[in-house]
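Hi,

Here is the structure I said I would pass on to you. Have a look at it first, and then read my notes below.

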Amino acid sequence: MSIEQKIDRAIDMLATIGMPRVQLNDRSALCLLALLDLKPEDAWSDASSPLIGITPIMDWCKENYNRQYAPNTRETFRRQSMHQFVEAGVAVYNPDDPNRPVNSPKTVYQISPEFLMMVKSYETPAWDEGVRLFKKVNSTLNAKYAKSREQKLVPIRIDNENELKLSPGEHSKLILEIIEEFGPRFAPGGKLVYIGDTGNKNIYLDRELLASLDIILDEHGKMPDVILFDEQQGWLFLIEAVTSHGPVDGKRQLELVELFSDAQAALVFVSAFPTFGVFSRFLPDIAWETEVWVSDTPSHLIHFDGERFLGLH
């Protein structure tokens with residue numbers, strides 16, 4: 001079977017199970033073939049179920065189907081093909097480690113056992129029955145996977161009535177500690193303005209409070225991970241949770257100053273770290289006139305030449 005024929009058959013297979021039209025394309029077909037490790041010359045019955053990540057999928061497409069995609073299309077593969085495969089029960093997300101963080105470079109996918117069984121029956125008399133069985137169990141599978149994902153989310157209590165759920169991982173754990181440990185100590189009585197999440201950019205946003213501070217968000221601007229407002233002091237805490245990506249360095253500080261240039265509050269820049277070990281790796285990058293908080297020692301701040309907190313205790 002030629003490359004084009006194999007891709008066309010994969011698209012036909014996705015159409016049969018009711019995948020949306022925007023997923024019926026070469027990219028999604030190649031994702032499916034990579035998940036099945038099916039080369040142009042392989043029979044459908046040869047399908048297997050390797051664990052594979054986004055970049056390896058793209059490399060596999062180049063090696064086996066002569067389709068080369070630019071590195072900056074990784075997010076398109078993830079958001080426009082693999083995400084829908086997981087939702088449809090075609091693939092399973094991180095089956096080897098369901099607690100892996102959303103933005104982990106070790107993220108992998110695997111074809112679901114039910115879809116694999118269906119594929120092996122393609123172009124045989126058992127195909128119609130295979131499709132019927134997949135569709136029969138698919139809604140149950142989706143509910144099961146959704147429940148499993150829900151159980152792994154990190155809960156954050158906003159107030160007595162509202163609770164948020166963040167994507168699992170060290171980053172979300174640190175955000176939780178910022179709200180529960182940093183906030184009460186260094187912005188007592190402060191109001192939560194914003195929380196970002198690796199799986200949801202604006203998981204919490206108090207638009208009324210932002211408006212009262214004359215802050216107009218730039219949708220294209222990179223927000224800090226947490227924003228707190230201390231009304232008594234008139235301070236707006238812009239906090240970066242640093243588990244893998246950078247702290248408030250000189251460049252990031254200038255970005256935040258520009259992003260919040262109209263704010264009717266004094267800006268306090270904070271880099272939050274889970275441990276001193278992580279902090280030590282980023283120490284040379286910390287900008288002057290900023291603060292550092294380490295959740296291992298939650299009662300203390302490290303001041304980088306910041307006059308705001310200078311004084312005797």
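**What I found**

Of the contacts in the protein with a separation of 6 or more, 56% are between residues 24 or more positions apart. Keep in mind that this is a predicted model. It has 10 helices and 11 strands, and 47% of its 313 residues count as buried.

Let's start with helix 2, residues 26-36. This helix is largely enclosed by the rest of the structure, because 10 of its 11 residues are buried. The buried ones are Arg27, Ser28, Ala29, Leu30, Cys31, Leu32, Leu33, Ala34, Leu35 and Leu36. What do they pack against? On the helical side there are helix 1 (3-16), helix 3, helix 4 and helix 5 (113-120); strand 1 (91-93) and strand 2 (109-111) are packing partners too.

Two of those partners also meet each other. Helix 3 (residues 54-65) and helix 4 (residues 74-88) have axes that come within 9 Å and cross at roughly 95 degrees. From helix 3, the residues involved are Ile54, Thr55, Ile57 and Met58, and they meet Arg74, Phe77, Arg78 and Met82 of helix 4. By type, this contact has 5 nonpolar residues, 1 polar and 2 charged.

Next, helix 7, which covers residues 170-186. It has 17 residues and spans 22 Å from first C-alpha to last, close to the 24 Å expected at 1.5 Å a residue. The helix does have a kink, of about 35 degrees, centred on isoleucine 178. Ile178 is itself one of the buried residues of helix 7. Others on that list include His171, Ser172, Leu174, Glu177, Phe182 and Phe186.

Aspartate 230 sits in strand 7 (residues 226-230). Is this aspartate buried or exposed? Its relative accessibility is 4%, so aspartate 230 counts as buried. Setting aside neighbours within four places in sequence, its contacts are Phe186, Ala187, Gly190, Trp235 and Phe237.

Now go to the start of the chain. Methionine 1 belongs to the segment before helix 1 and is partly exposed, with a relative accessible area of 41%. Which residues does it touch, leaving aside those within four places in sequence? They are Lys6, Arg9, Pro40, Trp44 and Glu123. Also, methionine 1 and lysine 39 are 38 residues apart in sequence, while their C-alpha atoms are 9.5 Å apart in space.

You will find it in the loop between helix 5 and helix 6 (127-151). With a relative accessible area of 49%, glutamate 123 is partly exposed.

Where is it? Glutamate 289 lies in the loop between helix 10 (276-282) and strand 10 (290-294). This residue counts as partly exposed, at 42% relative accessibility.

That's everything from me for now.

Cheers

Definitions and conventions:
Residues numbered from 1 in each chain as written. Predicted model: local features only at pLDDT ≥ 70, side-chain atom pairs only at ≥ 80, totals over all residues. Heavy atoms only, no water. Helix = DSSP H or I, 4+ residues; strand = E, 2+ residues; numbered from the N terminus. Expected span 1.5 Å × (residues − 1). Bend = angle between axes of the 7 residues up to and from the residue. Buried < 20%, exposed > 50% of the residue type's maximum accessible area, 1.4 Å probe, protein only. Axes fitted to C-alpha atoms, helices over the stretch in contact; angles between N-to-C directions. Contact = heavy atoms within 4.5 Å. Nonpolar A, V, L, I, M, F, W, Y, C, P; charged D, E, K, R; others polar.
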